[in-house]
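Grab a pencil and work through these exercises with the structure open beside you. Try each task before you read its solution.

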Amino acid sequence: MEKYESDKTFLARWVAGELSEEELSEFKKSKVYHGFNRINNEAQKFKAPPVDKRESLIKTKEKITFGKKKKLPSITLYAVAASIAIVLGVFGVFNATKSYTTSYGEKLAITLPDGSKIQLNADSELKHKRFFWMNNRNVSLKGEGYFEVEKGDGFIVETTYGTISVLGTKFNIKTRSKTFELNCFEGVVRFDKYATEEHRILKKDDRVIISEDELIDQKNKEVLPNWMNGISVFKEAPLHEVLDEIRMQYNVTFQGEETDLSRLFTGSFLHNDIEKALKSTLAPMGISYTLSKDKTVVSLQ
């Protein structure tokens with residue numbers, strides 16, 4: 001990790017010319033140095049114009065007496081505009097984010113700056129700040145991911161359903177449009193549900209799901225999330241959730257509006273064969289289907 005990310009005073013000392021020769025030399029070798037240096041050089045060009053106190057007093061009295069509006073000199077307007085642009089540029093750099101995404105049937109291994117590891121499931125996205133991340137270990141997740149978090153100051157995962165706070169542990173989060181599930185495999189995690197005061201403290205083998213906006217506590221006996229072993233497992237899950245999972249793993253479209261997708265399914269399917277996946281999920285439900293030749297459309301009958 002670069003020192004400018006872990007030392008809160010580093011950039012301020014650099015601007016003030018207080019870095020040691022060794023620190024400055026290392027900083028110049030970094031990928032972001034030229035960007036920071038360009039911003040700093042532009043900022044140094046703008047200085048306050050000299051002030052004539054007598055003239056300023058006269059103009060102030062004129063404004064008070066006659067209510068006249070004076071236009072700012074064009075050079076001042078340019079300076080203000082340029083200063084704003086620089087500030088916005090610095091703000092944009094400091095708040096830049098890094099994102100990781102997976103497509104249908106794709107999985108991705110991620111290592112964060114602190115050594116924490118994340119495995120993303122298909123059709124998922126993870127984001128975090130690009131700079132100074134060690135001082136703000138916050139990430140946002142859409143989809144599903146398995147986390148192995150290194151110990152250190154607070155680590156927070158933000159989802160549309162709530163936030164998960166940890167210090168160092170292993171857990172899996174599944175957050176889809178109609179599904180939320182949190183499994184703790186090691187250590188302790190806290191879940192705070194958005195827009196409510198509800199929360200849960202989860203320890204090893206604890207699970208919490210949200211069903212019809214209600215928090216439900218369950219137990220989990222898995223050593224790792226099933227999806228990391230190439231399989232999806234369901235227990236009394238609505239059929240539409242099962243089909244959504246097949247869609248994410250195989251990039252297929254389902255047709256057949258008359259099919260009752262609220263029926264509950266218990267079973268599993270593998271991630272390496274679409275035909276076997278359909279047979280193991282739809283056949284037990286008594287649902288006939290046809291798969292297009294290019295294996296992209298499933299028609300339910």
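Helices (H or I, at least four residues) and strands (E, at least two) here are DSSP runs, numbered from the N terminus. This is a predicted model, where local features need pLDDT of at least 70, side-chain atom pairs count only at pLDDT 80 or more, and totals for chains, interfaces and linings use all residues. Residues are numbered from 1 along each chain as its sequence is written, and side-chain values use heavy atoms, with hydrogens and water left out.

**Exercise 1. Get your bearings**

Task: Find how many helices and strands the chain has, and which elements have the lowest and the highest mean pLDDT.

Solution: 
- Start with the elements: the chain holds 8 helices and 18 strands.
- Next comes pLDDT, the predictor's confidence in each residue, from 0 to 100. The chain averages 82, and 74% of the residues score at least 70.
- Now go element by element: helix α6 (residues 74–94) has the lowest mean pLDDT, 51, while β3 has the highest, 97.

**Exercise 2. A threonine in a loop**

Solution: 
- Then check accessibility. Buried means under 20% relative accessible area, exposed over 50%, and partly exposed in between (1.4 Å probe, protein chains only).
- The Thr159 side chain reaches the backbone nitrogen of Tyr161 at 3.1 Å and the backbone oxygen of Gly162 at 2.8 Å.
- Finish with contacts, meaning heavy atoms within 4.5 Å. Leaving aside neighbours within four places in sequence, Thr159 touches Leu141, Ile164, Ile173, Thr175, Phe180 and Tyr194.

**Exercise 3. An aspartate at a hairpin**

Task: Describe the place of Asp213 and find which side chain Asp213 makes a polar contact with.

Solution: 
- Asp213 is in the loop between β12 (206–211) and β13 (214–219).
- Look at those strands: two strands pair if DSSP finds at least two bridges between them, and β12 and β13 pair in the antiparallel sense over 6 bridges. Asp206 stands opposite Lys219 in β13.
- The hairpin has 2 residues between the strands, and Glu212 takes a positive phi near 50° there.
- Asp213 is exposed because its relative accessible area is 58%.
- The Asp213 side chain makes a polar contact with the side chain of Lys193 at 3.1 Å.
- One more distance: Asp213 and Tyr161 are 52 residues apart in sequence, and their C-alpha atoms are 9.4 Å apart in space.

**Exercise 4. The nonpolar core**

Task: Identify the residues with the most contacts inside the largest nonpolar core.

Solution: 
- Know what to look for: a nonpolar core is a set of buried Ala, Val, Leu, Ile, Met, Phe, Trp, Tyr and Cys residues joined through side-chain atoms within 4.5 Å. In soluble globular proteins, nonpolar side chains tend to be buried together.
- The largest core has 27 residues, and Leu126, Phe147, Ile164, Phe171 and Leu182 have the most contacts inside it.
- Elements giving two or more residues to this core include β5 (138–148), β7 (162–166) and β9 (180–186).
- A second, separate core of 18 residues includes Ala237, Tyr250, Leu282 and Met285.
- Zoom in on Phe147: not counting residues up to four places away in sequence, Phe147 touches residues including Leu126, Val139, Phe155 and Phe171.

**Exercise 5. Salt bridges**

Task: Count the salt bridges, then find what parts Glu245 and Lys174 tie together.

Solution: 
- Apply the rule: a side-chain nitrogen of Lys or Arg within 4 Å of a carboxyl oxygen of Asp or Glu. The count comes to 10.
- One of them joins Asp114 and Arg137, whose closest N and O atoms are 2.3 Å apart. Both Asp114 and Arg137 are buried.
- Glu245 and Lys174 meet in another salt bridge (3.3 Å, N to O). Glu245 lies in helix α7 (residues 239–250) and Lys174 in strand β8, so the pair ties together parts 71 residues apart in sequence.
- Glu245 and Lys174 are both buried too.

Note on methods: A polar contact is a pair of N or O atoms within 3.5 Å; within protein, one must be able to donate a hydrogen and the other to accept it, and residues adjacent in sequence count only if both atoms are side-chain atoms.
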